[in-house]
Amino acid sequence: PFAGSARRPIAAILATFALSSAVTVGLSIWATSRSEHRAAVLQIAARQRTLAERYVKEVLLVRSGVAADPAATATDLRESADALLDGGLAPAVNGDDDETVISGASDAAVRGELEQERRLVHDLTATGSAILAGRPMPPAETAHERIATTDPIARLRILSDLTSNVALNTARTIAANADHSVSGLIVIQIGLGVAGLTVSLLLALALVAATRRRTAH
C-alpha cells in the first residue's frame, strides 16, 4: 500500500521542478528578446543624419547642373522614418548598407522624437522639391520650427541641421534604452539564478523528506 503513496510526492516534486525550469527558460527568452535587433534599429536611426546631409548636397548639385538623385534620398528618409516609428522594411542606401526589417518604437520618448523627425523630414523634402521646381517655399512648417530666413538655400540648410540634430537625439535615446535593457537583463538573470537555486534546494529537501518517509514506512 505504500508503493502508490510514495510515487505521488516524487511525481509532484518532478512536476514542480519541470515547471520552475520552464518558467525560468521562458523568462530568460522574454528578457533576451527585448534587447534583440537593437543594433539594426540604432544603425537606421543614426543613418538619418547622413541622409539629411546627403539630401542637401544632392539638391545643390542638381541646382548647379550636376547629375544627382535627391528624390531617391528623400524617399529613403521618409521610408526609414516610417520604419523606425511603426516598424517595417528600412530601405537600402547606396554606399551604406542593405535593407532590413526592424521593429517599431514602443518607448514614448523615442516615439515623440521620431514623430518630430518625420515632420522635419517632410518639411526638408518639401523645401528641396520647391527649390528644384522653382516654386515658392511651402508655407506650412509641420514641425513648428519657425525659421525666420526667407532665403531658400539657408532654409534648406537649417532644416537639414534640425533633422540631423533630432536624429542624433533619437539615436542617443535608443542607445540609452538598449543599455538600460541590458542592465535589466543582467538583474533578471541574477534573480532567475537565485530563484532557480532556491527552488532546486527546496525540491531536493522535499525529495529527501519523501525518501526518509518511504524508508520509515
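Leaving aside its neighbours within four places in sequence, which residues is Leu156 in contact with? Please take me from there to whatever it connects with.

Analyst: A quick word on the ground rules. This is a predicted model, so local features need pLDDT of at least 70 and side-chain atom pairs count only at pLDDT 80 or more, while totals for chains, interfaces and linings use all residues. Residues are numbered from 1 along each chain as its sequence is written, and side-chain values use heavy atoms, with hydrogens and water left out.

Now to Leu156. Setting aside neighbours within four places in sequence, Leu156 is in contact with Tyr55, Val56, Val59, Leu124, Thr127, Gly128 and Ile131. Contact here means heavy atoms within 4.5 Å.

Leu156 also belongs to the largest nonpolar core, which has 18 residues; Tyr55, Leu77, Leu124 and Leu156 have the most contacts inside it. A nonpolar core is a set of buried Ala, Val, Leu, Ile, Met, Phe, Trp, Tyr and Cys residues joined through side-chain atoms within 4.5 Å. Buried means under 20% relative accessible area, exposed means over 50%, and partly exposed is in between (1.4 Å probe, protein chains only). The elements giving two or more residues to this core are H2, H3, H4 and helix H5 (152-216). H2 supplies the largest share, 5 residues. Helices (H or I, at least four residues) and strands (E, at least two) are DSSP runs, numbered from the N terminus. There's also a second, separate core of 13 residues, which includes Val41, Ala90, Val110 and Ile174. As a general point, nonpolar side chains in soluble globular proteins tend to be buried together.

Next, how H2 and H4 sit together. They pack at an angle of about 10°, with their axes 10 Å apart. Axes are lines fitted to C-alpha atoms, for helices over the stretch in contact, and angles run from 0 to 180 degrees between N-to-C directions. On the H2 side the contact includes Tyr55, Val56 and Val59, and on the H4 side it includes Leu124, Gly128 and Ile131.

Then there's H3. Leu77 is one of its buried residues, along with others including Ala74, Ala81 and Leu84. What covers the buried residues of H3 includes helix H2 (38-63), strand S1 (88-90), strand S2 (100-102) and H4.

The whole structure has 3 salt bridges, a salt bridge being a side-chain nitrogen of Lys or Arg within 4 Å of a carboxyl oxygen of Asp or Glu. Arg118 and Asp82 form one at 2.9 Å, N to O; Arg118 is in helix H4 (residues 108-133) and Asp82 in helix H3 (residues 70-86), 36 residues apart. Arg118 is partly exposed at 32% relative accessibility, and Asp82 is partly exposed at 33%. Arg111 pairs with Asp86, their closest N and O atoms being 3.6 Å apart. Arg118 also meets Asp86, at 3.7 Å, N to O. Shared partners join Asp82, Asp86, Arg111 and Arg118 into one network.
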